Number of protein chains: 4
Amino acid sequence: MSTKNEITAKRRKQIFEAAVKVMADKGFHDSTIKEIAREAGLGKGTIYQYIRKKEDLVTLIAEEGVLLLSQKIEEVSASADFPEQKLQSIIDVMLRLIQEHALLAKTMAVEIERFKSEDIGRIKDLFSQNILNAFASRIEEVMPGGYFAEGDALVLSDILVAMCFLWAHSDYVKKHAGDIESYKNILSNLFLYGLTRKKETGNG
Amino acid sequence: MSTKNEITAKRRKQIFEAAVKVMADKGFHDSTIKEIAREAGLGKGTIYQYIRKKEDLVTLIAEEGVLLLSQKIEEVSASADFPEQKLQSIIDVMLRLIQEHALLAKTMAVEIERFKSEDIGRIKDLFSQNILNAFASRIEEVMPGGYFAEGDALVLSDILVAMCFLWAHSDYVKKHAGDIESYKNILSNLFLYGLTRKKETGNG
Amino acid sequence: MSTKNEITAKRRKQIFEAAVKVMADKGFHDSTIKEIAREAGLGKGTIYQYIRKKEDLVTLIAEEGVLLLSQKIEEVSASADFPEQKLQSIIDVMLRLIQEHALLAKTMAVEIERFKSEDIGRIKDLFSQNILNAFASRIEEVMPGGYFAEGDALVLSDILVAMCFLWAHSDYVKKHAGDIESYKNILSNLFLYGLTRKKETGNG
Amino acid sequence: MSTKNEITAKRRKQIFEAAVKVMADKGFHDSTIKEIAREAGLGKGTIYQYIRKKEDLVTLIAEEGVLLLSQKIEEVSASADFPEQKLQSIIDVMLRLIQEHALLAKTMAVEIERFKSEDIGRIKDLFSQNILNAFASRIEEVMPGGYFAEGDALVLSDILVAMCFLWAHSDYVKKHAGDIESYKNILSNLFLYGLTRKKETGNG
DNA sequence: AATGAATGAGGGTTCATTCAT
DNA sequence: TATGAATGAACCCTCATTCAT
């Protein structure tokens, strides 16, 4: 026995997943409502019971994506590790999530930047506050005394997050890195040590 | 007195620049031929004397962009600096070009990845060979003995190039970094030293 | 209460009839989908729920026309009359159908020959097998011992059918013959007796 | 040394022949001025020095065709043969001309009927007076005492002329008759004797 | 709530025609 | 006179959105 709300939630999920799947493949403009409806196993008209405009699907995807990432990221932030480990953890989690929700991440990475609707503004704020700031905090913990000013932390977190998303939509990166584990190591080492730091050969 | 070829070249440039401008603002799909024509100061039909399909405009932009970058990048590579300076130079040049041709770079960054026409394949190869490889070579020169394997150079160049392009289309980065000079320093320091290297305070 | 199929059938008919009407007047190229839609009392987009391309309308018209003619022609062929009466009957039926479906016949006569799509090939085969052959059979029955070889029957049926269709699109013929009854007599007499046979004045 | 008029005449011929060639292949609407110009070895703009509108090409073709046919047909009419031979001659000439100027004839047959411009009216009159009437006269000479009324001659000449043109554009007729000689015989016999007249086996 | 038939705005593209050279 | 670059009207077709069932 399903309550009305349960059905609504189920439909939303159907539509969301179909939209993610189709849009990750074709991008926003080349995806049609008809195809998304078919993928969702619903009628074309039914979609419009749950969204007002096609654009809303991107909002939906963005929102879902940001929430998903936010939750996990917070967990990591709460861990008791050393700063460097915390940074590695957050990269690790981010990449794992992106891998796990590859299609969602791809659509987020590719479509969101170009959207200018009002709703997206709200989500970008959420993204900024929950994700970028979490990264920035982790970054701030490891950079004092080094080459960066305090204000650089935000830029660096923009960069790091973007590099994580790169895994979702860059064919080059996937081809060159081979697997996500390699990519994670490269990213961690780059951010922690840079290219020129020499590894200490463990003799003492 | 203009020869036919001169006019043709001039028109191509007009159209190219109009396309870059409009597409950087609206993206491929939301740009209409009509608007591009208006921006170029030409009639709608005239556009089709110089391209066969709207899609060709992206190919054109991609090609022009890759050539533009390739040329300058090569110059840097030929310089006689030390490896670390060479890497800084190439980042410097890349960012300056991206700044100078901001709209072109934005369209390149945003649209090319999603295009799947045959012509784009050719251009991606060009991009890979001329730009990614140039970066990879510079990267290889500074990383021995450190945390990276030789094969990582390509991935790292993917990453570095992506970071440069981030300046072209990420509102966050622009807002957080303020100006391109800051961004350049952040990128250079990140790549050369990473977040955790401590600056030696010169009291030796 | 209309089932989905009934509506579909109704729409198809609407569109078909509108297309016949408009195309008979203007020909394929000078007919626009917009006008056909208006004539059908439907929206422009609706047409494309029932056809894929404008060209399909010609296929549809051709097919319908051939089927229509085939059915009636077969009935005549099955009659028990003498050969000469059978030939007259088939001319009679053909002309009556062409008169009755004047617009359809005109479009058939004018447009089909020039179309080269694959679907038309199939329909031409149908036309050839069902209509030309029926005429040829009737012709074969009356011509032995005369001026024609057996193999001429097909050519003669091409000619006779073309003559019938002439009624559909030749202004000259309509003007000169006046009414279809006259035209039918002329055709029958021409085919049966030729120009030079003298009528026997019934005095014996 | 060419006078201005000679060049003009030469250009007209070039354009005329190119138009005939292209239109016979593709029909009026699918022929472009560009292609006709190329076929004529002239620039696109040059065409418009000799015609006002694309439609004029059809007028030109029609006019030329009618004149061509008229001239030869008149010669035959002036011959001193017996009526039946005269009819055969006129069929013979007509078919030979159609064969010789196959492309011209095809375009005449296919395109003229649908054109409604004022100029075409004039040409149709010419056609009617010069060609249809010539045929009608020949027909009138052979039909007295037979199955036809005097007024039928015009209809019969419409029919006969149409049957001659059939050779120019019916694939069926060409395929079934094989060569034009056969077709000519079939047409002649049909018109002179009909299907049912028995050949007298010449034994007294 | 679910559906898909109906719709028309809007976009890409073609091409007859013009006109400056 | 010859040309072809320039132009925009006009057309086909797609697809987001609506709405009656």
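Student: How far apart are the nearest C-alpha atoms of chain B and chain D, which do not touch?
Tutor: Bear in mind that this is a predicted model. The nearest C-alpha atoms of chain B and chain D are 13 Å apart. Chain A and chain C do not touch either. Their nearest C-alpha atoms are also 13 Å apart.

Student: How do I describe one chain, say chain A? How many helices and how many strands does chain A have?
Tutor: Start with the secondary structure. Chain A has ten helices and zero strands. Reading along the sequence gives α-α-α-α-α-α-α-α-α-α.

Student: What box do the C-alpha atoms of chain A fill?
Tutor: Along the principal axes, the box is roughly 70 × 35 × 30 Å.

Student: What share of the residues of chain A counts as buried?
Tutor: Chain A has 204 residues, and 48% of them count as buried. Now look at contacts within the chain. Take those between residues at least 6 apart in sequence. Of these, 67% join residues at least 24 apart.

Student: Let me try a single residue. Is Ser117(B) buried or exposed?
Tutor: Compare its relative accessible area with the cut-off for buried, which is under 20%. Ser117(B) has a relative accessible area of 18%, so Ser117(B) is buried. Ser117(B) sits in the loop between α6 (102–111) and α7 (118–142) of chain B. A polar atom of the Ser117(B) side chain lies 3.4 Å from the backbone nitrogen of Asp119(B).

Student: Next, the interfaces. How much area do chain D and chain C bury between them?
Tutor: The general idea comes first. The size of an interface is often given as the accessible area lost when the parts come together. Here chain D and chain C bury about 5000 Å² between them. Carbon and sulfur atoms account for 62% of that area. In chain D, the residues that lose the most area to chain C are Tyr147(D), Tyr172(D) and Leu195(D). Together they make up 17% of what that side buries.

Student: How many residues does each chain give to this contact?
Tutor: Chain D gives 54 residues and chain C gives 55 residues.

Student: How many salt bridges are there between chain D and chain C?
Tutor: The count is two salt bridges. Glu111(C) forms a salt bridge with Arg114(D). Their closest N and O atoms are 2.6 Å apart. Between chain D and chain C there are also 22 residue pairs in polar contact.

Student: Which elements of chain D give two or more residues to the side that touches chain C?
Tutor: They are α1, α5 (83–100), α6 (102–111), α7 (118–142), α8 (152–169), α9 (171–177) and α10 (180–193) of chain D. The largest share, ten residues, comes from α8(D). By class, that side of chain D divides into 29 nonpolar, eleven polar and 14 charged residues.

Student: Now the DNA. Which residues come nearest to DNA strand F?
Tutor: There are 32 residues around DNA strand F. Arg11(B), Thr46(B), Tyr50(B), Lys44(C) and Thr46(D) come nearest.

Student: Which part of DNA strand F belongs to the atoms within 4 Å of the protein?
Tutor: Sort those atoms by type. In DNA strand F, 58% of them belong to sugar or phosphate, and the rest to bases. Then take single pairs. An N or O atom in the side chain of Thr46(B) is 2.6 Å from a phosphate oxygen of DNA strand F. For Tyr48(A), the distance from such a side-chain atom to a phosphate oxygen is 3.0 Å. Lys44(C) has a side-chain N or O atom 2.4 Å from a base nitrogen of DNA strand F.

Student: How do the residues near DNA strand F divide by class?
Tutor: That surface has eight nonpolar, twelve polar and twelve charged residues.

Methods. Residues numbered from 1 in each chain as written. Chains lettered and ligands numbered in written order. Predicted model: local features only at pLDDT ≥ 70, side-chain atom pairs only at ≥ 80, totals over all residues. Heavy atoms only, no water. Near = heavy atom within 4 Å. Polar contact = N/O pair within 3.5 Å; in protein donor to acceptor, adjacent residues only side chain to side chain. Nonpolar A, V, L, I, M, F, W, Y, C, P; charged D, E, K, R; others polar. Contact = heavy atoms within 4.5 Å. Buried area = accessible area lost by both parts, 1.4 Å probe. Salt bridge = Lys/Arg side-chain N within 4 Å of Asp/Glu carboxyl O. Helix = DSSP H or I, 4+ residues; strand = E, 2+ residues; numbered from the N terminus. Buried < 20%, exposed > 50% of the residue type's maximum accessible area, 1.4 Å probe, protein only.
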